[in-house]
Amino acid sequence: MKFILILLRVLVGVLFIFSGLIKANDPLGLSYKMDEFFEVLHLTFLSPYSLVFSVVMNMFEIIAGVAVLLGYRMRLFSVLLLLLILFFTFLTGYALFSGTVKECGCFGDCIKLTASQTFYKDVALLLMILVIFAYRKRIRPLFGKMASNILMAVALVLSFGVQWYTLNHLPFIDCLAYKVGNNIPEKMKVPPGATPDVYETTMIYEKNGERKEFTVDNYPWQDTTWKFVDRKDKLVKKGNAEPEVKDFILTDFDGNNQTQAILTETKPVYLFLVLNTATAGKGWDAKMQALQKKVAAGEAYIYGVTASGKEAVAAFEKAHGLTFPFVQMDGTAIKTAGRSNPCLILLQQGTVKGKWHYNDIP
């Protein structure tokens, strides 16, 4: 039993540390996923605090994982871990059986799991944590009190420091489709060899007051007395025929599509992504005004990209001394393209050549 307990502690501890670190690389992305859960659970009043929840949860996952490996205060952390995994299992079970959330974001955007994979992963973790909880009194600390306290303090500082850095700059590892080096037009295409969704068509016909379902294989083609009533298309097998980049559609305020013109421009094109003009960060004005001089010299183009309305954009331009045109794009696409508000992206004929948090604009 001692060996099994050690093995379970290692598995649980490493998984929680890995899960926490990979999400700490992009806490803003996790907060967007939380907003999705809040919406389907009708808890939208919690959305303003989603980023705080994201940072705290990532910190706790890392700290709890370290505590399990060290055998640190197991009577406390075994209870907290059990409560956390019960909560996770409920959420992932809801996502799977309700079908309202496709991915839970448990490993961030770097490792995408389906709803079923995530749920069964949490069930396995729940079983392992139940064993750890049951035998928590047998677990002894790996190190002395002083050394354990120091290691736990390091875990606390590390888990907060990584997230502070990524929120004030950009993720260390960009796992999104808009990362530097990717060509957006290519990512807008369905991947070669992708498997399309498979549907089964069921047709409902009526005869002599009796309704019956048929498929294309058993439909009574020769019997014209059956009258058509309805048709159902049931998803039999989910495919993966979806492009990585969706909803990248840039339109001016008159509704004219500017996407192709911007993606095929031979000169460098800077996209200044401003998800919401009312909540945009500050301190970038001088850098963007300097960049505007390159445009005036004919060296490049700049377009603002926003989900805000025309009047809000006009006030924003005036407040920050911006002279370049703005186009609109779906807010979800903006959040996916840049993990800061604002965020600057450099394109060269549709290929991402650079991406900067507003604190790091060159």
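Buried means under 20% relative accessible area, exposed over 50%, and partly exposed in between (1.4 Å probe, protein chains only). The views below show a predicted model, in which local features need pLDDT of at least 70, side-chain atom pairs count only at pLDDT 80 or more, and totals for chains, interfaces and linings use all residues. Residues are numbered from 1 along each chain as its sequence is written, and side-chain values use heavy atoms, with hydrogens and water left out.

**View A. The disulfide of Cys-110 and Cys-175.** The structure holds one disulfide (a pair of cysteine sulfur atoms within 2.5 Å). Its sulfur atoms, from Cys-110 and Cys-175, lie 1.8 Å apart. The link is right-handed, with 80° about the S-S bond. Distant parts of the chain are joined here, 65 residues apart. Cys-110 sits in the loop between α4 (74-98) and α5 (115-134), and Cys-175 in the loop between α6 (145-168) and α7 (184-187). Helices (H or I, at least four residues) and strands (E, at least two) are DSSP runs, numbered from the N terminus. Cys-110 is partly exposed, because its relative accessibility is 32%. Cys-175 is also partly exposed, at 28%.

**View B. Cys-343, in no disulfide.** The nearest cysteine sulfur is that of Cys-175, 15 Å away. Cys-343 has 0% relative accessibility, so Cys-343 counts as buried.

**View C. Strands β4 and β5.** β4 (residues 269-274) and β5 (residues 301-306) pair in the parallel sense over six bridges. Two strands pair if DSSP finds at least two bridges between them. Leu-271 has Tyr-303 of β5 as its bridge partner. From β4 the chain crosses through helix α9 (residues 285-296) to β5, in a right-handed β-α-β crossover. Right-handed here means that, with the strands pointing away from the viewer, the path from the first strand over the helix to the second runs clockwise.

**View D. Strands β5 and β6.** β6 (residues 326-328) pairs with β5 in the parallel sense over three bridges. The bridge partner of Thr-306 is Gln-328 in β6. Helix α10 (residues 310-320) carries the chain from β5 to β6, and this β-α-β crossover is right-handed.

**View E. Helices α4 and α5.** The two pack at an angle of about 155°, with their axes 9 Å apart. α4 is therefore roughly antiparallel to α5. Angles under 35 degrees count as roughly parallel, over 145 as roughly antiparallel, 65 to 115 as roughly perpendicular and the rest as oblique. Axes are lines fitted to C-alpha atoms, for helices over the stretch in contact, and angles run from 0 to 180 degrees between N-to-C directions.
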